[in-house]
Amino acid sequence: MRSDDDTWDITTSVGSTALFVAAARALEAQKPDPIAVDPFAETFCRAVGGDWADLLDGAAPDHPLRTDDFGAAFVDFQAVRTRYFDDYFRAVADAGVRQIVLLAAGLDSRAYRLDWPGGTVVFELDQPRVLEFKRQVLTAHNPRAERREVPVDLRDDWPQALRANGFDPNEPSAWIAEGLLIYLPADAQRELFTGIDSLAAAGSHAAVEEAAPMDAAAFEAKREEERSSGDEDAFFNLVYNQQHAPAAQWFGARGWRAEAVTLEDWLRRNGRPVPERGSEAATMTGTISLVSAVKA
């Protein structure tokens with residue numbers, strides 16, 4: 001169960017969800033026609049070992065990511081989501097932005113795998129133990145930009161921590177909130193958006209993944225189902241069924257030019273199937289949108 005001051009490493013609570021996502025990216029990379037390839041996703045899974053390594057080797061056929069319904073849809077989801085944000089960062093680099101901010105960086109390996117122009121600084125904000133795990137696992141690899149770790153809880157004063165690590169609010173920046181908002185209550189989402197807006201100079205970019213809230217009764221039923229099974233650290237007990245405001249609307253009202261695409265449309269554009277209405281996978285994908293914005 002979540003609390004106001006909870007913390008985690010890469011194998012517990014919210015941290016374990018980053019490992020689940022990395023495993024999905026690694027499975028996508030095994031396909032003959034991957035939409036996005038993250039070569040470090042497998043590295044992270046094998047560093048943890050156990051079931052995570054078995055999953056990639058085909059030795060865990062009962063793992064949720066190996067199912068034909070939810071598992072296949074989740075891997076597709078992560079593939080197209082990765083493509084969306086990779087394309088976003090390539091565009092902001094081409095636009096001349098050299099300050100990159102990964103909010104709740106988790107196991108995001110873009111500092112290591114994207115071709116960043118000279119002078120780019122990638123700021124990675126996350127829980128200290130999550131950043132420590134990534135640093136230790138990738139110690140033999142060199143990032144392709146200057147990488148600065150900012151160990152901070154995003155429910156605390158992260159803007160000050162970011163500035164203290166050399167972020168310049170007078171220069172354009174590019175922000176990402178991928179797989180983050182659902183783990184924050186509405187008030188914290190508002191504070192996150194406000195922090196981005198306050199630190200972003202003209203010409204800055206922001207990209208956000210968001211999810212509209214589920215029916216409240218259905219959400220509570222999912223939570224109770226997990227608790228009854230004895231797993232209070234499963235997905236529905238880690239997330240908040242809240243949304244402060246649609247990102248395109250919020251940023252658009254503050255001088256940003258924002259565009260949103262539903263995950264279902266993005267799946268179609270990338271040639272991947274959209275889950276059938278009423279399925280468990282559709283419950284996940286049907287509420288999600290991907291948003292990018294530029295500050296005028």
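Residues are classed here as buried when their relative accessible area is under 20%, as exposed when it is over 50% and as partly exposed in between, with a 1.4 Å probe and protein chains only. The structure is a predicted model, in which local features need pLDDT of at least 70 and side-chain atom pairs count only at pLDDT 80 or more, whereas totals for chains, interfaces and linings use all residues. Residues are numbered from 1 along each chain as its sequence is written, and side-chain values use heavy atoms, with hydrogens and water left out.

Helices (H or I, at least four residues) and strands (E, at least two) are DSSP runs numbered from the N terminus, and two strands are taken to pair if DSSP finds at least two bridges between them. On this basis the model contains an open sheet of seven strands, in the order E3-E2-E1-E4-E5-E7-E6 and with mixed pairing. Its edges are formed by strand E3 (146-151) and strand E6 (256-262), each of which pairs on one side only. From one strand to the next the twist averages 15°, where axes are lines fitted to C-alpha atoms, for helices over the stretch in contact, and angles run from 0 to 180 degrees between N-to-C directions.

Strands of a sheet pair through backbone hydrogen bonds, either parallel or antiparallel. The parallel sense is seen between strand E1 (residues 99-103) and strand E4 (residues 174-177), which pair over three bridges, with Val 101 standing opposite Trp 175 in E4. The antiparallel sense is seen between E5 and E7, which pair over seven bridges, and Glu 210 has Ser 289 in E7 as its bridge partner. E6 and E7 also run antiparallel and are joined by seven bridges; here Thr 262 stands opposite Ser 289 in E7. E7 is mostly covered, six of its eight residues being buried.

Helix H8 (residues 186-199) lies across E1, E4, strand E5 (205-211), E6 and strand E7 (288-295), and runs at about 170° to E4. Helix H6 (residues 128-137) lies across strand E2 (121-126) and E3, running at about 150° to E3.

Glu 149 has its place in strand E3 and counts as buried because its relative accessibility is 19%. Polar contacts are pairs of N or O atoms within 3.5 Å; within protein, one atom must be able to donate a hydrogen and the other to accept it, and residues adjacent in sequence count only if both atoms are side-chain atoms. The side chain of Glu 149 makes such a contact with the side chain of Arg 135 (2.9 Å) and another with the side chain of Arg 147 (3.1 Å). When neighbours within four places in sequence are left aside, Glu 149 is in contact with Glu 124, Leu 131, Arg 135 and Asn 165.

In helix H2 (residues 39-48), the residues Phe 40, Ala 41, Phe 44 and Cys 45 are buried. These residues lie on the same side of H2, because they cover an arc of only 145° around the axis, the arc being that of the directions from the helix axis to the C-beta atoms. The N-terminal end of H2 is capped by Asp 38, a side-chain oxygen of which lies 3.0 Å from the backbone nitrogen of Phe 40. H2 is followed by Gly 49, whose phi is positive, near 75°.

Aromatic rings of Phe, Tyr and Trp (its six-membered ring) pair if their centres lie within 6.5 Å, and planes under 30 degrees apart count as stacked, over 60 as edge-to-face and the rest as tilted. A search of the whole structure finds 18 aromatic pairs. Phe 193 and Trp 250 form a tilted pair, 5.4 Å centre to centre with 55° between the planes. This pair links distant parts of the chain, with Phe 193 in helix H8 and Trp 250 in helix H10 (residues 247-252), 57 residues apart. Phe 193 counts as buried at 1% relative accessibility, and Trp 250 counts as buried at 7%. Phe 251 and Trp 256 form an edge-to-face pair, 5.0 Å centre to centre with 70° between the planes, and both Phe 251 and Trp 256 are buried. One aromatic cluster is formed by Phe 20, Trp 52, Phe 70, Phe 74 and Phe 77.

Definitions and conventions:
Contact = heavy atoms within 4.5 Å.
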